[in-house]
Amino acid sequence: MKSPLHLSERTTILPIVHGSGDSARVVEQWLLANPVDLLAVPLPPSFGPLVRYATAELPRPSIVLQRPQHELIGMHSENIPWSYVPIDPCQPVIAGIRFALGEHIPVEFIDLETDLYRPYTIPMPDPYALKEVAPARFAAAVLTELPRPRHLRTQQEICWMGEQLRRLERQHDRILFLCSVQHWPWIREAYFEPLPNDVESELVAEPEMYEIDHRCYQFLFQELPFVAALYERARAVLASNENLSIDGIKKLLIYARSRYRSRHGKRARQITPMMLSQCLKYMRNLSLIQRRMSPDLYTIAIACKQILGDQFAIEVIECSGLYPEVRASHPSGLKMSVDRLRLPDQRIVPIVSRLPGPPMHWRSLQLQRRPTKVEKAEWRTRWNPLRQCSWPPEDTAIESLRTRVVERARSILGADLARTEKFSTSFRDGIDIRETLRHWYEREIYVKVMPPSIGTMDGCIMLFDSPAHPRDYPWRSTWFAEHQEESTIAFYASDFRDELIGPGVAVANYGGVLFLFPPRSIPDIWTDKAFDFTESLEERLIAACCLYSESRQVALLSWLPPGRGWKRLAKRFQKTLIHVPLSGFNDALIKQLRTFHVLNGQEVRSYAAHFIRKV
């Protein structure tokens, strides 16, 4: 049975979706499997020389720009768009031209020359389906949903391309024509009809080729630049690119995670494979809701924001625009945005693509951005070192952790003092099932005897990083409670002046902190010469807590149990350290709680929430 894509024995039409890496891959596979002696593309002949040259310069992207004819006579207009061809490696037409140049196959540009180009585009199915569906079936499936173009100039362009295909058949035996999937039934129709008399080429300006600033590739490409770079690397090493449209997103998340960790260091939350799996699942569900098979950048950013936080979403967005195949922009690189281009003379003109993909909808997403270096420098100069306070919600959270640590320490101490005895007249604190089964042959019941409550435990030490290097924690301070529900604390932490996130708002990381509750007034332990005998930051905290604590036991939260040195130090003050393993608490929670914000005055609390975001 003859395929509907065969216009004749000599001409085959291959419908494509512009701007799709999956569609570009289909073009390359078709050209590899079917010999052709001519490739026809839906671009005007005036673009031919520069598009061929720019395509040969790939993987460096560029843009071939054609100004309206009225610009040549000095009539500038901000409403008449300039047309351009994006030299994008994931553009199917460019991929076809690139293949043809490499195999020395002639390329014909057969679109109608028109001065004021009007793009015609409608929503299309996700080209990811081309991995499982043949191009003919894909084109036939969308046939019933394709409206006939209403604009007269678009109809004339279709008729012109049908006439050009008939002309080329007289000279070539095997022709492949690449056209948009939304045009193919009407070009097929025009192929069998004569050219109307009113269809004529117009006088047009000569196109010009420009480099694009590497920071603007997000607007030039329709695939993510990061994914486009993966296609280029696979092409360079002859690797498979079958699943890069999806695998590229996974690689994007992994690459963004490494940058996120290097940027935020110890403040970065733990991004586990399980969390990345949940993020990918969220992307899939959002894509299905939007009736897509693969996620767009907005969907990726939304999923990362909801699962992994604002800062990771920002890293993903920034990494998605990276195109490492080009290390730096050309000195004359033009800046591009949404349907706008800044010319070398600094004029901003509207632009339309000659290879338009499905219509794009630009949407806003609220993320807490990172401050610039200029803003940080300005905030640093305004900082008053005599007016520092904490952020109340974080005070509540860390006090809650202190309460849990003290309660766990009391339960550990009670378990150590508990004993078991044979049942005589009372069940005491309950039957000890383990001891009863262990002595089953005695046919006796054993009961638990719990010691009386040890009272309050007013001292607590948390060592999040031990051993702590003094260079990592240069800021050491003692803070006093603002009310009776807060503890007196002393801590060593990272320098908050290195992490200013807003005017009067800084962030730091606890390395270690001691709590005294109920609060009391104590000297600054970091300047008190009574503790100069200690040799480390941890020992100074332990010594101070043991000195000012009124209870005989002190709770110690750390990864490892205290060694002999720390035990001797506590014994010097007639105290005992009750070790609470840090591994018993959620790692993500601990990382969140050890990160705290420093405000430059209590009045900053009125607007600090706008700048404070958990990493």
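How many bridges join strand 4 to strand 10, and do the two strands run parallel or antiparallel? Three bridges join strand 4 (residues 82-87) to strand 10, and the two run parallel. The views below come from a predicted model, in which local features need pLDDT of at least 70 and side-chain atom pairs count only at pLDDT 80 or more, while totals for chains, interfaces and linings use all residues. Residues are numbered from 1 along each chain as its sequence is written, and side-chain values use heavy atoms, with hydrogens and water left out.

**View 1. Strand 10 and its two partners.** Strand 10 covers residues 348-353; helices (H or I, at least four residues) and strands (E, at least two) are DSSP runs numbered from the N terminus, and two strands pair if DSSP finds at least two bridges between them. Five of the six residues of strand 10 are buried, where buried means under 20% relative accessible area, exposed over 50%, and partly exposed in between (1.4 Å probe, protein chains only).

**View 2. His-18 and its surroundings.** His-18 lies in the loop between strand 1 (11-16) and helix 1 (21-33), and it counts as buried because its relative accessibility is 6%. Its side chain makes a polar contact with the side chain of Gln-91 at 3.1 Å; such a contact is a pair of N or O atoms within 3.5 Å, of which, within protein, one must be able to donate a hydrogen and the other to accept it, and residues adjacent in sequence count only if both atoms are side-chain atoms. Leaving aside residues up to four places away in sequence, His-18 touches (heavy atoms within 4.5 Å) a set of residues including Pro-92, Val-93, Ser-180, Gln-222 and Leu-355.

**View 3. Helix 3.** Nine of the eleven residues of helix 3 (residues 92-102) are buried, among them Pro-92 and Val-93, both also touched by His-18. After the helix comes His-104, whose phi is positive, near 60 degrees.

View 4. Grid points are joined across faces, edges and corners, and a volume is the space filled by probe spheres set on the points. The largest cavity has a volume of about 160 Å³. Of its 16 lining residues, the closest to its centre are Pro-42, Asp-111, Tyr-117, His-183 and Arg-354. Helix 5 (residues 152-169) gives the largest share of this lining, four residues. The second largest cavity has a volume of about 40 Å³, and its lining includes His-18, Ser-180 and Pro-356.

**View 5. The loop at Ala-239.** Ala-239 is placed in the loop between helix 8 (225-236) and helix 9 (244-264), and is partly exposed, with a relative accessible area of 41%. The C-alpha atoms of Ala-239 and Glu-9 are separated by 34 Å, the two residues being 230 residues apart along the chain.

Technical notes: 1 Å grid on protein atoms, 1.4 Å probe; cavity = no way out; pocket = protein on both sides within 12 Å on 5 of 7 lines; lining within 4 Å.
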